[in-house]
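Hi,

Here is the structure I promised to pass along. Have a look at it first, and then read on for my notes.

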Amino acid sequence: MCTAITYQSYNNYFGRNFDYEISYNEMVTITPRKYPLVFRKVENLDHHYAIIGITADVESYPLY
């Protein structure tokens, strides 16, 4: 079962766990704010908040 929480204060935080019994070779990944995110089917995103989380690396692209 997965759980999600949101903490709202001056800053906003969102957290979620990933409860699977198998590994996807996940790793801790930090994406800095304003790091350009390039997508295949939607417009690229040049401005966003920083992201810290667990990712699975798929074709050299971190999936959070």
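Below is what I found, starting with the whole chain and ending with one residue.

Please keep in mind that this is a predicted model. The protein chain has five strands and zero helices, so read along the sequence the pattern is simply β-β-β-β-β, with strands taken as DSSP runs of at least two residues.

On overall dimensions, the radius of gyration is 14 Å, whereas a compact globule of 64 residues would come out near 11 Å. Along the principal axes, the C-alpha atoms fill a box of roughly 35 × 35 × 20 Å. Of the 64 residues, 11% count as buried. The chain exposes about 6,300 Å², and 57% of that is supplied by carbon and sulfur atoms. Among contacts with a separation of 6 or more, 23% are between residues 24 or more positions apart.

Is Thr 55 buried or exposed? Thr 55 counts as buried because its relative accessibility is 2%, and the cut-off for buried is under 20%. Leaving aside residues up to four places away in sequence, Thr 55 touches Asn 25, Glu 26, Met 27 and Thr 29, along with Pro 62, Leu 63 and Tyr 64. With Thr 29 there is also a polar contact of 2.6 Å between the two side chains.

Best wishes

Technical notes:
Residues are numbered from 1 along each chain as its sequence is written. This is a predicted model: local features need pLDDT of at least 70, side-chain atom pairs count only at pLDDT 80 or more; totals for chains, interfaces and linings use all residues. Side-chain values use heavy atoms; hydrogens and water are left out. Helices (H or I, at least four residues) and strands (E, at least two) are DSSP runs, numbered from the N terminus. The radius of gyration is taken over C-alpha atoms; the globule rule is 2.2 Å times the number of residues to the power 0.38. Buried means under 20% relative accessible area, exposed over 50%, partly exposed in between (1.4 Å probe, protein chains only). Contact means heavy atoms within 4.5 Å. Accessible areas come from the Shrake-Rupley method with a 1.4 Å probe; for residues, only the protein chains shown count as cover. A polar contact is a pair of N or O atoms within 3.5 Å; within protein, one must be able to donate a hydrogen and the other to accept it, and residues adjacent in sequence count only if both atoms are side-chain atoms.
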